[in-house]
Amino acid sequence: KRGNYMNIKVEPICPASEKIRNSQIVKILSLIVHIGLIIGVIFFFWIGGLLLIRPIFSESQTWNIPRLAFQGISLSQDIPVVHVSEYILSSLALLASLFFGLLLLWNLRFLIMSLKTKDPFTLTNAKRIKRIGLYIILSVYLKQITIYCYIQAISRQFTSENSETLISYTFTLFPPEIIWGLALILLSQIFLYGAALQKEYDMTI
């Protein structure tokens, strides 16, 4: 008696992976992230050199924090600070925030590149997504510290007739931007589960 044989066709766990690799959206995102990373590195070293060199070669005895734009608010001139420690704190917070932003783009770059080469549900990508979420959270709090130092310096320039400050800034414990970081950390756990399923699938074929 001749046995009956069945032709079994094994489908990959992500049948759309080939479409993702050849997607124009992935290519555009990769280009945008690469350009953003290059611009970010240039801006990081520019602002870092500015914060370091300006006090050394400044002819005045005051320490001025440079004009920057935050939350759509742009400063038209440099703001003098009273204490050197305030200048150092604002500078370190600003540079640290920019540094974590660069790390975010660096991990996002490898994350997008992995979409073009292999299945995205890997342990490495799960770790990258988790790091991106943590970088967002850290950057949000460091940005608050920077804005606080700027507002403190600005408030000395604007006082009422009773010598009361007309502008102040309150540190927010749970700013809305934190949701994005927490969502990415949660997404990383989903990727961990997907990576476990992929590993189990690979072991069974």
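This is a predicted model: local features need pLDDT of at least 70, side-chain atom pairs count only at pLDDT 80 or more; totals for chains, interfaces and linings use all residues.
Two aromatic rings of Phe, Tyr or Trp (for Trp, the six-membered ring) count as a pair if their centres lie within 6.5 Å; planes under 30 degrees apart make the pair stacked, over 60 edge-to-face, and the rest tilted. With that rule in hand, Phe 44, Phe 45, Phe 99, Phe 100 and Tyr 135 form one aromatic cluster. The count of aromatic pairs comes to seven. Trp 106 and Phe 110 have ring centres 5.1 Å apart and planes at 70°, so this pair is edge-to-face.

Residues are numbered from 1 along each chain as its sequence is written, and side-chain values use heavy atoms, with hydrogens and water left out.

**The chain as a whole**

Helices (H or I, at least four residues) and strands (E, at least two) are taken as DSSP runs and numbered from the N terminus. The protein chain has five helices and four strands, and from the N terminus on its elements run α-α-β-β-β-β-α-α-α. Contact here means heavy atoms within 4.5 Å. Among the contacts in the protein chain with a separation of 6 or more, 76% are between residues 24 or more positions apart.

Accessible areas come from the Shrake-Rupley method with a 1.4 Å probe, and for residues only the protein chains shown count as cover. The protein chain has an accessible surface of about 14,200 Å², and 67% of that belongs to carbon and sulfur atoms. A residue is buried under 20% relative accessible area, exposed over 50%, and partly exposed in between (1.4 Å probe, protein chains only). Of the 205 residues in the protein chain, 33% count as buried.

**Along helix α3**

A charge sits over a ring if NZ of Lys or CZ of Arg is within 6 Å of the ring centre and within 35 degrees of the ring normal. Arg 109 lies over the face of Trp 106, 5.1 Å from the ring centre, and its charged end sits over the ring of Phe 110 as well, 4.9 Å from the centre.

Further along helix α3 comes Ser 114, which is buried at 3% relative accessible area. A polar atom of the Ser 114 side chain lies 2.6 Å from the backbone oxygen of Leu 111. Leaving out residues up to four places away in sequence, Ser 114 touches Asn 125 and Arg 128.

**Links across the sequence**

Leu 102 also has its place in helix α3 and is buried, with a relative accessible area of 13%. Beyond its neighbours within four places in sequence, Leu 102 is in contact with Leu 37, Gly 40, Val 41 and Phe 44. Helix α2 (residues 24–57) holds Leu 51, and Ile 38 lies in helix α2 too. Leu 51 is buried at 6% relative accessible area, whereas Ile 38 counts as exposed at 55%. The table gives some C-alpha separations.

| Residues | Separation in sequence | C-alpha separation |
|---|---|---|
| Leu 51 and Leu 92 | 41 residues | 9.4 Å |
| Ile 38 and Leu 102 | 64 residues | 9.3 Å |
| Leu 102 and Tyr 135 | 33 residues | 9.3 Å |

**The nonpolar cores**

In soluble globular proteins, nonpolar side chains tend to be buried together. A nonpolar core is a set of buried Ala, Val, Leu, Ile, Met, Phe, Trp, Tyr and Cys residues joined through side-chain atoms within 4.5 Å. The largest such core has 13 residues, and Leu 104, Ile 132 and Ile 136 have the most contacts inside it. Helices α3, α4 (123–155) and α5 (178–204) each supply at least two residues of this core, with α4 giving the most, eight residues. Not counting residues up to four places away in sequence, Ile 132 touches Leu 104, Asn 107, Leu 108, Leu 111 and Leu 184. Apart from this core lies another, of eight residues, among them Leu 37, Leu 51, Leu 94 and Leu 95.

Notes:
A polar contact is a pair of N or O atoms within 3.5 Å; within protein, one must be able to donate a hydrogen and the other to accept it, and residues adjacent in sequence count only if both atoms are side-chain atoms.
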